[in-house]
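Here is a brief report on one model. It covers a sheet, its strand pairings and a set of charged contacts.

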Amino acid sequence: MSRITDSPTNFEIALRALRRWPDRVAFDGHGGRFTRAACLDLIGRAQAAMTRLGMRKGDSLAVLHANRGDAWIAGMAAAGLGLRQTPLHPMGSLADHLFVLEDAEVDHLLIDAEAFGARGAELVAGCARLRAVLTLGPADYGRAFLEEAEDVGAHAPADVCAPEDIAWLAYTGGTTGRPKGAFRDHRSWSALTLAVHSAFEWPDRPAYLAVAPNSHVGGTKVLPALMRGGRVHCQHGFDPARVLDAIARERINTALMVPTMIYGLLDHPDLPRTDLSSLELLLYGASPMSPTRLREGLERVGPVFSQLYGQTEGYPISVLRKDEHDPAEPELFAAAGRPIPQVSAALLDEDDRPVAPGEVGEICVRAAHVMRGYWKRGPETEAALSGGWLHTGDMARADDRGFLFIVDRKKDMIISGGFNIYPREIEDVLTADPTVAAAAVIGVPDPKWGEAVKAVVVPRPGARPEPAALIAAVRAAKGAAHAPKSVDIVDAIPVTVIGKPDKKALRAGYWREAERQVG
């Protein structure tokens, strides 16, 4: 039931934005070019086609695409019809996708067959519950979405969604276990959009490069960019040379990337000769960025960096703004910013009591855009939302100005010889070494210490890190307890589908080896 205090739904917000500047381009790049008027026309046609195919309010639609405008349009059309949407991550495995389709009780599938034709066929064959399949691009299964929309004729957009209807069911990255579906109703979903719209330092008219997957945090920037009269340039997959070319050629002024993408740009030989003068805002997040590499980015790209922090269950939470990336205050390079105005935040102990000033506690938040719960997981929902707070699982301390300094994930903490050790603090020391491009620190089994600190580092191009020197640097900066007992040099650190270092996978290899040796 609607309340007098309800904000417009995302569908209402989208229609307003598209109607305001009908002749402006809304989407271009991968998937084609669409003016705002064309978006409105396709939304109405898509809804009529979906209705003809038996899609009804309360049904579930999963979407797998490679950042394309017509997929976003189809998703918005489904939202207006009251369908529950579940994005599939473009880098997810077949097993992950099939799990989500079953767990989320998906009825219908929209697949970008140009990019994921083979995967689409596997999903259709492996998920018997699917009732309707729509494809973007040629496929020998399902129905061609654009042809269906053309055939049904022009229709005005319809809005039958209610604020309390479930709108969005997105799955966590699974860094600490099996992915969980975090769901939002339309109230929460639109609150997220309005928070992103107001909390970040958007250019007056964004030219947003959608290169991070729109299925996750990258997609939360699309509607705010359109609300500001901007354009979304879609790019399929991350390639540093193509990104640099797009920024220069398309005069991109806004982008969102995970730190590993930014490292790829900084290490690419085209960077010094690329015109980046149009770039005003480079948002980064999803995992911590090395303060050393951040300083390098400021020097080589410019004062355009802004850090966002949040998670599937509650995003956004905090922002480190552009002027807070100040070389005169380098300690802020390790901060996650301050909570945005739409969020109440606290650092709590195990009993949900505030920790003493300067002490480490779990970041807990309250906000209108927090998830409503985990899909079909009552106990996990109760734990995550206990005491009326979203418990993020991120451990942090705060300074007297309110800046949050995340020390690590609660479940990534290493207990070695009775000491609580947070890997993030060690990783920042390691990546300050000029020979190190990236680092991950984990705990591995040790008969003496319980867990021993293990560092895994990736060299910069042409460099050779010295393990003994890295261990000595950590000992000098953090003390003997934090110093790695060993350092492994690797070509790459495994990452999750959303670009975070996959410490679960990293740990698993070492723990299996330890078990093998014991056996």
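Is Arg231 buried or exposed? Arg231 is buried, at a relative accessible area of 17%. Buried means under 20% relative accessible area, exposed over 50%, and partly exposed in between, with a 1.4 Å probe and protein chains only.

## Basis of the model

This is a predicted model, in which local features need pLDDT of at least 70, side-chain atom pairs count only at pLDDT 80 or more, and totals for chains, interfaces and linings use all residues. Residues are numbered from 1 along each chain as its sequence is written, and side-chain values use heavy atoms, with hydrogens and water left out.

## The sheet

Nine strands form an open sheet with mixed pairing. Their order is β2-β1-β11-β10-β12-β13-β14-β15-β16. The edge strands are β2 (34-35) and β16 (338-339), and each pairs on one side only. Helices (H or I, at least four residues) and strands (E, at least two) are DSSP runs, numbered from the N terminus. Two strands pair if DSSP finds at least two bridges between them.

Strand β10 covers residues 207-210. Ala207 and Leu209 point one way, while Tyr208 and Ala210 point the other way. All are buried. In a regular strand, side chains alternate between the two faces of the sheet.

On one side, β10 pairs in the parallel sense with β11 (residues 231-234), over four bridges. Here Tyr208 has Val232 as its bridge partner. Strand β12 (residues 254-257) also pairs with β10 in the parallel sense, over two bridges. In β12, Thr254 stands opposite Tyr208. Next, β12 runs parallel to β13 (residues 281-284), joined by four bridges. Ala255 has Leu282 as its bridge partner in β13.

The structure holds 35 salt bridges. A salt bridge is a side-chain nitrogen of Lys or Arg within 4 Å of a carboxyl oxygen of Asp or Glu. Side chains of opposite charge can pair when their charged atoms come close.

One of these salt bridges joins Arg231 and Asp28, at 3.0 Å from N to O. Arg231 lies in β11 and Asp28 in β1 (residues 25-29), so the pair ties together parts 203 residues apart in sequence. Asp28 is buried, at 13% relative accessibility.

Glu148 forms a salt bridge with Arg52, with the closest N and O atoms 3.2 Å apart. This pair links distant parts of the chain: Glu148 sits in helix α6 (residues 145-152) and Arg52 in helix α2 (residues 36-52), 96 residues apart. Glu148 is buried at 12% relative accessible area, whereas Arg52 is partly exposed at 46%.

Asp185 forms a salt bridge with Arg372, the closest N and O atoms being 3.3 Å apart. Asp185 lies in strand β9 (residues 181-185) and Arg372 in the loop between β18 (361-366) and β19 (373-374), so this contact ties together parts that are 187 residues apart in sequence. Asp185 is buried, at 9% relative accessibility. Arg372 is partly exposed, at 34%.
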